[in-house]
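Subject: Structure for your review

Dear colleague,

Please find below the structure that I am handing over to you.

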Amino acid sequence: MTNKLSLWRRSLLIVVALIAGGCRSVMPSAPPVTFTTEEWKFGTSNGSLLTSEHYKIYTTCRSKPFVNALPTFVEQCWDAYAEMLPPQHLPMQPLETYLFQSRWEWERFTERFSPTRAETYKHIRSGGYSERGVTVSHYSMARSALSVLAHEGLHQYLDVTHGPNIPAWINEGLACYFESFDLDDHNRPTFKPENNTLRIPALRETLASGKLIPLRDILSTHAGAEIQKNIQHVSTYYAQEWAIVVYLMSDPRNNPYHQGFRAMLRDLGSDAMDHRARGHLAADIDGSMSSGEAIFRAYISDDLDRFEVAFHDFVERFLNLQS
């Protein structure tokens, strides 16, 4: 059934009070997102299926105000992704997103949905995953659940609009870039990537301990390998991925790497990116270069050491401003 406008507005006012803490509206005249609601069950758990223009949200979450706010939130995420990364092709049907009330439900679903990767996914301490154009996460708190939806939604978006050949360092960095936001009175996020209160403390701790992960390692690894390591390393990995994207997006006038990064985003997942990367891979005599490093060299800088120094300087300045 289609939700009535009055009910929708009441739901939004409630959920904003719960998770937005009085954030100001930036689009007061924009109408709410239209969606339909059906009953859905997972095992013995009652749930809902909410269908909007780009998404099908399957959820066992019990808070109706929170559940009814989800379509507007994810549709605005789609708009933000598309603004930064215009789609190269569009999906034929709405994307599937699963949000479970409990971790137990999340694990049981994961065992069925991805039996070969389930044990790896269970190493995820909080959050979710994206696979085959589907996102799967579970509820912890309202704000963090939305942050996970925005993070995993970016992975999902890239998979269906740009294809699977996205270097892991940029895929994870961009996903973290969308984790932080303010919410308006209609539950639409305005993204604030520099205010990521999850990643800033981890980055500060890592810098203080002198344990930043070397750039070449960042460019060559992937999240599936990193999440099986100790919790401090995992926190460092995601914090650095986020900080690299924040740096590359910063100061377009004076940042020598900004334009190259923008060119990379335009080519993301395309044959043009693959062609440019192959040129660097062909010049790699000992065969040690990863595709992630080749793409970085092709678009950002062929001098990794110089970039790493500049990045470390940026991190120090950025953290000082956050103090």
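Two strands are said to pair if DSSP finds at least two bridges between them. Please bear in mind throughout that this is a predicted model.

I begin with the sheet. It is an open one of six strands, arranged in the order β1-β2-β3-β4-β6-β5, and its pairing is mixed. The edges are held by β1 (36-42) and β5 (128-131); each has a single partner strand, so one side of each is left without a neighbour in the sheet. From one strand to the next, the twist averages 20°.

E39 has S48 in β2 as its bridge partner. The hairpin formed by β1 and β2 has two residues between the strands, and G43 in this hairpin takes a positive phi near 60°.

I turn next to the helices. Two packed helices are described by the angle between their axes and the distance between the axes. For helix α12 (residues 271-282) and helix α13 (residues 291-299), the angle is about 100° and the axes are 8 Å apart. Because angles of 65 to 115 degrees count as roughly perpendicular, α12 is described as roughly perpendicular to α13.

On the α12 side, the contact is made by A272, M273, R276, A277, H280 and L281. The α13 side contributes S291, A294, I295, R297, A298 and Y299. The residues of this contact between α12 and α13 divide into eight nonpolar, two polar and two charged.

One further residue deserves mention. A263 lies in helix α11 (residues 258-267). Is A263 buried or exposed? Its relative accessible area is 17%, and because buried means under 20%, A263 is buried. The C-alpha atom of A263 is separated by 7.1 Å from that of Y299, although the two residues are 36 residues apart along the chain. Y299 is also one of the α13 residues in the contact with α12.

Yours sincerely

Terms used: Residues numbered from 1 in each chain as written. Predicted model: local features only at pLDDT ≥ 70, side-chain atom pairs only at ≥ 80, totals over all residues. Heavy atoms only, no water. Axes fitted to C-alpha atoms, helices over the stretch in contact; angles between N-to-C directions. Helix = DSSP H or I, 4+ residues; strand = E, 2+ residues; numbered from the N terminus. Parallel < 35°, antiparallel > 145°, perpendicular 65-115°, else oblique. Contact = heavy atoms within 4.5 Å. Nonpolar A, V, L, I, M, F, W, Y, C, P; charged D, E, K, R; others polar. Buried < 20%, exposed > 50% of the residue type's maximum accessible area, 1.4 Å probe, protein only.
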